[in-house]
Amino acid sequence: MLSDDCVFCKIIRGEIPSSKVYEDGDMLFFRDIEPKAKVHLLAVPKRHFALLSEADGEGMRILSRMLAVIPEAAEKNGCKDGFRLVVNQGEAAGQTVRHLHVHILGGEPLGW
Ligand code: AMP
């Protein structure tokens, strides 16, 4: 259930290169191409849905697993002292890629 013209679906299909740090059947984590912190990872469900509010039961199951996987993946990739998770929903929040993703930010002290 991937979308043809979605940049993250293209990354998931291997059509666009990415710096992967974690992958399983449900999700892919890779480094953000324009990092907003010393460590900036994106956690992306392989199932395509644009918005958190569009996640169905299966989407919520994947997101729940994703939250369980994130702490270890973050720690292994430079966020030993903590990390921040961000989900942008909609244009007003600054969402630019309409495939749900969780930003994982850390590797340095973060201002608010
Ligand atoms: P958002 O603004 O919440 O939709 O976040 C989208 C994020 O995806 C931004 O931080 C971009 O820098 C990042 N991004 C866009 N294209 C790529 C790409 N090809 N590889 C890695 N990160 C990307």
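## Sorting the residues

Ala, Val, Leu, Ile, Met, Phe, Trp, Tyr, Cys and Pro count as nonpolar. Asp, Glu, Lys and Arg count as charged, and the others, Gly among them, as polar. By these classes, the shell around the ligand has six nonpolar, six polar and four charged residues. The model is predicted.

## Around the ligand

There are 16 residues around the ligand. Which of them come nearest? They are Asp-32, Asn-88, Gly-94, Thr-96 and His-103.

Two elements can be picked out in this shell. Helix H1 spans 7-13, and strand E2 spans 27-31. Each supplies at least two residues of the shell.

Start with Asn-88. A polar atom of the Asn-88 side chain lies 2.8 Å from an oxygen atom of the ligand. Gly-94 uses its backbone: a polar atom there is 2.9 Å from an oxygen atom of the ligand. For Lys-36, an N or O atom of the side chain is 3.0 Å from a ligand oxygen. Each of these pairs is a polar contact, because the cut-off for N or O atoms is 3.5 Å.

How much of the ligand does the protein bury? Taken alone, the ligand exposes 500 Å², and the protein buries 86% of that. The space taken by the ligand is the largest pocket.

## Aromatic pairs

The structure holds two aromatic pairs. One of them is formed by Phe-8 and Phe-30. The centres of these rings are 5.5 Å apart, with 80° between the planes. The pair is edge-to-face, because its angle is over 60 degrees.

Where do the two residues sit? Phe-8 is in helix H1, and Phe-30 is in strand E2. They are 22 residues apart, so the pair links distant parts of the chain.

Key: Residues numbered from 1 in each chain as written. Predicted model: local features only at pLDDT ≥ 70, side-chain atom pairs only at ≥ 80, totals over all residues. Heavy atoms only, no water. Near = heavy atom within 4 Å. Polar contact = N/O pair within 3.5 Å; in protein donor to acceptor, adjacent residues only side chain to side chain. Areas by Shrake-Rupley, 256 points an atom, 1.4 Å probe, with all protein chains shown as cover. 1 Å grid on protein atoms, 1.4 Å probe; cavity = no way out; pocket = protein on both sides within 12 Å on 5 of 7 lines; lining within 4 Å. Sits in = over half its atoms within 2 Å of the grid points. Helix = DSSP H or I, 4+ residues; strand = E, 2+ residues; numbered from the N terminus. Phe/Tyr/Trp six-rings, centres within 6.5 Å; stacked < 30°, edge-to-face > 60°.
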